[in-house]
Amino acid sequence: MADKNDWIDYCVKNKDVLAKEYLESFEKGLSTIKFWSSWQGIDGYTQTGYYLGYEFIEYLMRGYSLSLEEIAKIGTDHIRRLVIEFLKAIRST
């Protein structure tokens, strides 16, 4: 998915920075494409949003004891609140 061999290491080490930057973009109504595209990125790392997405699903499964099926059924407004909660929690770690 990502084009650098140390992509996962970068994402793990910079999870708080990624969360902070994503949340700031989201709250300001700015595009978050730099987290998802293969042609834009953060610090030269592309598709970091996929890492945040993986961490978010893990957060819901561990923190809320939800199954993938239950997560898939969460409504848009509720999932938006949970994403913001998640990003705020990890940006301050």
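Is D43 buried or exposed? I looked up its relative accessibility, found 57%, and so D43 counts as exposed, where exposed means over 50% relative accessible area, buried under 20% and partly exposed in between, with a 1.4 Å probe and protein chains only.

**Ground rules**

I am working from a predicted model, in which local features need pLDDT of at least 70 and side-chain atom pairs count only at pLDDT 80 or more, while totals for chains, interfaces and linings use all residues. I number residues from 1 along each chain as its sequence is written, and side-chain values use heavy atoms, with hydrogens and water left out.

**Loop between α2 and α3**

I placed D43 in the loop between α2 and α3; helices here are DSSP runs (H or I, at least four residues) numbered from the N terminus. D43 is not a glycine, yet I read a positive phi of about 55° for it. Q47 lies in the loop between α2 and α3, and its phi is near 60°, a positive value in a residue other than glycine. With a relative accessibility of 11%, Q47 counts as buried. I then turned to S37, located in the loop between α2 and α3, and noted that S37 is buried at a relative accessible area of 2%. Setting aside neighbours within four places in sequence, I found S37 in contact (heavy atoms within 4.5 Å) with T46 and Q47.

**S25 and F35**

I found S25 in helix α2, where its 5% relative accessibility makes it count as buried. Its contacts, apart from neighbours within four places in sequence, are L30, S31, T32, K34 and F35. I followed this to F35, which, not counting residues up to four places away in sequence, touches L18, E21, Y22, S25, I42, Q47, T48, G49, Y50 and L52.

**Nonpolar core**

I next looked for nonpolar cores, each a set of buried Ala, Val, Leu, Ile, Met, Phe, Trp, Tyr and Cys residues joined through side-chain atoms within 4.5 Å. The largest has 20 residues, and those with the most contacts inside it are Y10, C11, L18, F35, L52 and L87. The elements that contribute two or more residues to this core are α1, α2, α3 and α5.

**Helix α3 and what follows**

I checked the length of α3: its 16 residues, at 1.5 Å a residue, should span 22 Å, and the end C-alpha atoms are 22 Å apart, which agrees; the expected span is 1.5 Å times one less than the number of residues. I listed T48, G49, Y51, L52, E55, F56 and L60 as buried in α3, and these buried residues pack against α1 (7–13), α2, α4 (68–72) and α5. Just after α3, I noted a positive phi of about 50° at S65. S67 lies in the loop between α3 and α4 and, at 31% relative accessibility, counts as partly exposed. I also read a separation of 9.4 Å between the C-alpha atoms of S67 and I57, which are ten residues apart along the chain.

**Largest pocket**

Which residues are closest to the centre of the largest pocket? I took a pocket as an open set of points on a 1 Å grid over the protein atoms alone, where a 1.4 Å probe fits, with protein on both sides within 12 Å along at least five of seven lines, and lining residues as those with an atom within 4 Å of a point. The largest pocket has a volume of about 200 Å³, and of its 13 lining residues Y22, W36, F56, V83 and L87 are the closest to the centre. I found that α2 (15–27), α3 (48–63) and α5 (76–91) are the elements giving two or more residues to the lining, with the largest share, six residues, coming from α5.

Methods: Grid points are joined across faces, edges and corners, and a volume is the space filled by probe spheres set on the points.
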